[in-house]
Amino acid sequence: MSAETVLVVEDEAEIADLIKFHLERDGFRVSVARSGRKALESVQVLEPALLLLDLMLPEIDGLEVCRRIRANNEHADLPILMLTAKGSESDIVAGLELGADDYMTKPFSPRVLLARVRALLRRNSAADSAGGRVLSLLGGRLQIDAVRHVVSVDGAPIELTITEFELLRHLALRPGFVRTRDQIIAAVHGANTILSSRTVDVHVTAVRRKLGPLTDAVETVRGVGYRFCEAPTV
Ligand code: CA
């Protein structure tokens, strides 16, 4: 059995040990790097399946590590889960825009940690294969047909503008993962529309209204952006 290697980048030994303990108990192989420089070396040598990256690091900080990893084509697909302090929304936004996939704020529960790690690894193995197909979400209640540009809720088609459609599809392609407003703008751009941060909010409001009973599926992440919720309370 080839356990997947998770590289944990964290200078605080206590936190690193705790993460290592829980991941190993769940069957992962774990390597710890205590600085940004070590992290960059280890990524080359270990070829980890996932990077758990604290942002506050000596020498080279986590954002810079993220930037350098994404600048290297070889590791463009390496899932990166950021660890951040509470109240560091601007770092979270910066990290997501530099290419990190997700984040967790400290302190976090082991259960959340494992769920996030598994979700990221799953997503990567699925390799965004939903590209041209019909996305079926929320137990089939929401269907997004990317080819025919049709969205239906509980079997009934709903009317979305092109911008609203692209926005919803962008979020729904990565359920559970937050997207910043700028990422949404970049993804929707090209659908013959010009978006700003404010207009993203307006379009989200419209999408929610049209989703009717599934309105809570598009969740606001305060200070960061929006995400498609896998299990909204509807
Ligand atoms: Ca730290």
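## Before you start

This is a predicted model, in which local features need pLDDT of at least 70 and side-chain atom pairs count only at pLDDT 80 or more, while totals for chains, interfaces and linings use all residues. Residues are numbered from 1 along each chain as its sequence is written, and side-chain values use heavy atoms, with hydrogens and water left out.

## The whole chain

The chain holds eight helices and 12 strands; these are DSSP runs numbered from the N terminus (helices H or I, at least four residues; strands E, at least two). Its radius of gyration is 19 Å, close to the 17 Å that the globule rule gives for 234 residues, so the chain is as compact as a globular protein of that length. Here the radius is taken over C-alpha atoms, and the rule is 2.2 Å times the number of residues to the power 0.38.

Along the principal axes, the C-alpha atoms fill a box of roughly 50 × 40 × 30 Å. Of the 234 residues, 49% count as buried (under 20% relative accessible area; exposed is over 50%, partly exposed in between, with a 1.4 Å probe and protein chains only). Among contacts (heavy atoms within 4.5 Å) between residues at least 6 apart in sequence, 58% join residues at least 24 apart.

## A four-stranded sheet

Four strands form an open sheet in the order β6-β7-β8-β9, with antiparallel pairing; two strands pair if DSSP finds at least two bridges between them. The edge strands, each pairing on one side only, are β6 (134–137) and β9 (156–158). From one strand to the next, the twist averages 25°. Helix α6 (residues 162–172) lies across β6, β7 and β8 and runs at about 110° to β7; axes are lines fitted to C-alpha atoms, for helices over the stretch in contact, and angles run from 0 to 180 degrees between N-to-C directions.

Strands β7 (residues 142–145) and β8 (residues 150–153) are joined by four bridges, and D145 has V150 of β8 as its bridge partner. Their hairpin has four residues between the strands, with H149 at a positive phi near 55°. H149 is partly exposed, at 40% relative accessibility. Next along, three bridges join β8 to β9, and V151 stands opposite I158 in β9. That hairpin has two residues between its strands, and D154 in the turn has a positive phi of about 50°.

## The calcium site

Which residues coordinate the calcium ion? They are E10 (OE), D11 (OD), D54 (OD) and M56 (O), at 2.1 to 3.0 Å. Donors are N, O and S atoms within 2.8 Å of the metal (3.2 Å for Na, K and Ca), and water is not among the atoms, so sites may look incomplete. In sequence, the donor residues are spaced E-D-x42-D-x1-M. E10 is buried, with a relative accessible area of 0%, whereas D11 is partly exposed at 30%.

## Backbone points to check

Most residues other than glycine have a negative phi, and most peptide bonds are trans. E47 has a positive phi of about 50° and sits in the loop between α2 (36–46) and β3 (50–54). The peptide bond from K106 to P107 is cis, with omega near -5°. P107 lies in the loop between β5 (102–105) and α5 (110–126).
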